[in-house]
Amino acid sequence: MRTGVIGLILPPTFSFLEMMWRICPALAMGCTVVALVPPTSPTPLLLAQLAGELGSFPGILNVISGPASLGPILASQPAIQKVAFCGALEEGRVLRRSLAGKCVELGLALGMESLLLLTDTADVDSAVEGVVDAAWSDRGPGGLRLLIQESVWDEFMRRLQERMGRLRSGQGLDGAVDMGTRGAAACDLAQRFVHEAQSQGAQVFQAGDVPPKSPFYPPTLVSNLPPASPCAQAEVPWPVVVASPFRTAKEALAVANGTPRGGSASVWSERLGQALELGYGLQMGTVWINAHNLRDPSVPTGGCKESGCSWHGGPDGLYEYLRPSRTPIQVSCLSKNMNYDTFGLAVPSTLPAGPEIGPSPAPPYGLFVGGRFQAPGARSSRPIQDSSGNLHGYVAEGGAKDIRGAVEAAHQAAPGWAGQSPGARAGLLWALAAALERRKSTLASRLERQGVELKAAEAEVELSARRLRAWGARAQAQGHTLQVSGLRGPVLRLREPLGVLAVVCPDEWPLLAFVSLLAPALACGNTVVMVPSAACPLLALEVCQDMATLFPAGLANVVTGDRDHLTRCLALHQDVQALWYFGSAQ
Amino acid sequence: MSAHNRGTDLDLSWISKIQVNHPAVLRRAEQIQARRTVKKEWQAAWLLKAVTFIDLTTLSGDDTSSNIQRLCYKAKYPIREDLLKALNMHDKGITTAAVCVYPARVCDAVRALKAAGCNIPVASVATGFPAGQTHLKTRLEEIRLAVEDGATEIDVVINRSLVLTGQWEGSDFIKTSTGKETVNATFPVAIVMLRAIRDFFWKTGNKIGFKPAGGIRSAKDSLAWLSLVKEELGDEWLKPELFRIGASTLLSDIERQIYHHVTGRYAAYHDLPMS
């Protein structure tokens with residue numbers, strides 16, 4: 001089912017082609033588009049005029065030409081159902097913050113830097129052409145980082161510098177000019193970057209036949225930039241290229257993955273095995289092998305990490321503009337008194353439950369972290385009450401330190417789990433389902449104490465087991481697909497697990513919800529840190545007892561405690577790849 | 001020819017370290033043809049420069065002294081006099097770079113050029129052109145006879161059986177092929193060859209020349225070749241000592257383009273002198 005009205009916000013240096021890449025799928029899927037473009041270029045307005053002349057549907061494409069500050073205003077219009085933002089990181093963050101709580105989807109494509117990794121078994125001349133194409137033609141969107149293997153460093157630099165000397169920059173569409181200009185703002189940005197780099201000790205090489213006036217900036221090659229300097233962490237502006245050496249493939253992957261940007265990259269090597277290994281290892285949205293910037297409308301492109309999470313092109317790009325039918329209408333849950341600084345900071349202290357009546361409950365459960373039950377850092381527990389108000393048990397009070405430990409354990413288990421075959425993953429989920437069935441009576445009796453009827457309790461347990469099995473079966477079905485496109489060469493679409501998922505479960509259905517959220521995350525190869533239902537976490541902890549024996553350590557971690565506080569800790573933790581939250585409006 | 005290739009020791013590791021990224025080379029070839037277009041008076045200038053690189057060639061079975069004479073005259077006056085006058089280039093001595101004929105016709109060519117008062121070199125194909133599958137003794141004898149008759153350049157056909165078994169020779173110029181194959185001078189092949197020339201120059205300081213031959217028929221193509229050499233090797237290689245185009249019908253197409261530039265009209269075949 002199509003999404004509705006899409007708002008499109010474009011950066012000041014966008015190209016017409018990029019705009020079309022976003023508008024066409026939206027229109028094809030039946031959505032209408034309102035695009036905000038910077039006032040410097042009239043082409044989108046012409047396009048909108050043409051669209052308006054199409055007769056029966058005058059409003060399908062609307063273009064507003066205005067400054068970037070209109071972006072958040074456009075995004076907060078009530079009729080907009082999705083905002084697709086393409087541009088710089090900071091603005092993306094601002095937009096995300098302003099849209100929080102409203103039921104507007106946000107697709108982000110941030111940052112325009114890409115990476116070129118050159119090994120010593122590559123055709124260096126062709127790689128030089130690739131650099132020129134990527135960085136200094138009008139096709140490349142942003143700056144370029146080069147990672148060159150040390151053994152070919154000199155050769156590559158020499159060829160690149162010689163080639164730079166033959167570049168020509170200027171105005172005009174004639175074939176004599178290689179690159180144009182992106183405006184005075186871009187020129188200033190590049191200027192500042194280069195000065196900073198120089199002051200930090202880098203070597204700068206500029207060449208090419210460039211008019212000396214302001215908006216034209218010559219092609220620039222920066223080398224010997226110390227990796228710890230602030231310039232090396234910032235995004236590289238156009239038309240600057242920053243080159244750094246590496247010694248082995250392993251080092252290359254570490255350096256390449258060591259930035260928060262995860263847009264696109266290319267690997268140059270004539271040895272197939274090495275090229276594929278590096279390609280798989282790079283944490284980037286798009287990886288090209290022995291080419292750079294090959295684009296085709298049927299091939300999806302997107303990013304990872306800080307480069308955003310939306311996809312363009314191909315079937316994934318079309319899914320961006322659809323939402324599953326039967327999604328309930330989402331109500332905007334905007335809290336008036338939302339204070340990010342104080343939310344969840346303090347843990348309300350829990351009073352002791354009063355004089356204990358009846359048999360003494362079991363000793364307090366610990367946190368299930370790293371495959372075993374551990375005492376919480378704060379060394380305190382909270383009581384859990386059953387439906388009649390009696391004490392049901394004690395669970396641990398988890399805090400920031402425990403979250404940290406849980407995430408670490410999850411990360412340790414993540415590579416091993418992701419590397420497991422889908423069959424192995426399915427096997428484990430099925431084993432857990434079997435264990436749940438064996439425990440049916442215990443789980444059902446616990447549910448009964450929470451006020452659920454026996455029949456319903458048993459049904460809940462059965463349904464949980466069934467869901468685990470269903471997800472186990474689905475684990476087998478996911479995989480990589482090979483796509484044939486207009487490009488000369490195959491396109492491989494890899495579905496990779498995200499990493500560590502944090503899940504905050506709702507209060508209702510303490511067992512079923514826990515299992516239903518655990519299963520899909522694990523089936524796809526992620527590891528989890530879960531905060532179970534606040535009202536009754538005991539059921540989740542019962543399941544943990546089975547997981548302790550069945551699962552590898554750290555695969556699933558459960559932390560109990562104050563939900564708001566733990567949510568805050570998880571949200572602020574920067575190494576959690578995704579967070580699923582079911583809870584209060586705040 | 002300027003300096004001869006002083007040669008170096010054969011280092012086979014240079015050859016084994018070569019990597020060629022075929023799709024990237026194909027992309028570069030397409031790019032060269034598509035992006036570098038020259039128009040108006042610059043086009044006319046480039047075309048005249050292209051003329052000075054042509055090795056005007058006739059290699060057919062029925063060559064006799066009469067068509068060789070016509071060829072040599074055309075080599076001396078490649079573009080019609082009035083057209084050159086209109087471009088103010090009639091006194092710059094524009095001739096083709098050389099005349100290329102079979103060894104038996106070298107005598108005729110030398111005589112015709114002397115009669116025309118022209119000192120263009122005569123190049124001879126030799127060594128069992130075009131297949132090269134003759135005995136070494138006769139091949140050497142062919143070269144000797146051609147040189148005795150007055151040829152100053154020899155297009156040598158290498159022994160392909162030696163190449164395919166990895167035994168290499170050196171030279172002053174490399175040529176894409178004899179021109180008699182099914183696939184002759186294509187841009188991707190040329191890109192790889194030009195890069196090899198550049199590598200060799202960087203490693204040894206020797207400048208090797210380049211000659212594409214076969215299949216270059218239109219003036220537009222010749223401009224693409226010139227821009228390819230300019231981009232990959234630089235202006236130094238755009239001299240007849242280091243760059244030749246082996247062609248026969250190319251000259252008439254260039255002449256027609258220049259006619260169009262000067263007069264604004266397209267010429268018929270009979271308007272321009274035959275070669």
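Reader: How many cavities of 30 Å³ or more are there?
Author: The count comes to five cavities of 30 Å³ or more. Keep in mind that this is a predicted model.
Reader: What volume does the largest cavity have?
Author: The largest cavity has a volume of about 100 Å³.
Reader: Which residues lie nearest its centre?
Author: Arg163(A), Asp178(A), Arg28(B), Gln31(B) and Arg35(B) do. They belong to a lining of 13 residues.
Reader: Which helices supply at least two residues of that lining?
Author: Helix 5 (124-135) of chain A and helix 2 (22-35) of chain B. Helix 2 of chain B gives the most, with four residues.
Reader: And the lining by class, what does it have?
Author: Eight charged, three nonpolar and two polar residues line the largest cavity.
Reader: Next one. How much space lies in the second largest cavity?
Author: About 80 Å³.
Reader: Which elements give two or more residues to its lining?
Author: From chain A, helix 5 and helix 6 (153-164). From chain B, helix 9 (187-204) and helix 10 (219-232).
Reader: Which one gives the most?
Author: Helix 5 of chain A, with three residues.
Reader: Which residues line the second largest cavity?
Author: On chain A, the lining has Asp125(A), Val128(A), Glu129(A), Arg159(A), Arg163(A) and Arg166(A).

Terms used: Residues are numbered from 1 along each chain as its sequence is written. Chains are lettered from A and ligands numbered from 1 in the order in which they are written. This is a predicted model: local features need pLDDT of at least 70, side-chain atom pairs count only at pLDDT 80 or more; totals for chains, interfaces and linings use all residues. Side-chain values use heavy atoms; hydrogens and water are left out. On a 1 Å grid over the protein atoms alone, a cavity is a set of points where a 1.4 Å probe fits but cannot get out, and a pocket is an open set with protein on both sides within 12 Å along at least five of seven lines; lining residues have an atom within 4 Å of a point. Grid points are joined across faces, edges and corners, and a volume is the space filled by probe spheres set on the points. Ala, Val, Leu, Ile, Met, Phe, Trp, Tyr, Cys and Pro count as nonpolar, Asp, Glu, Lys and Arg as charged, and the others, Gly among them, as polar.
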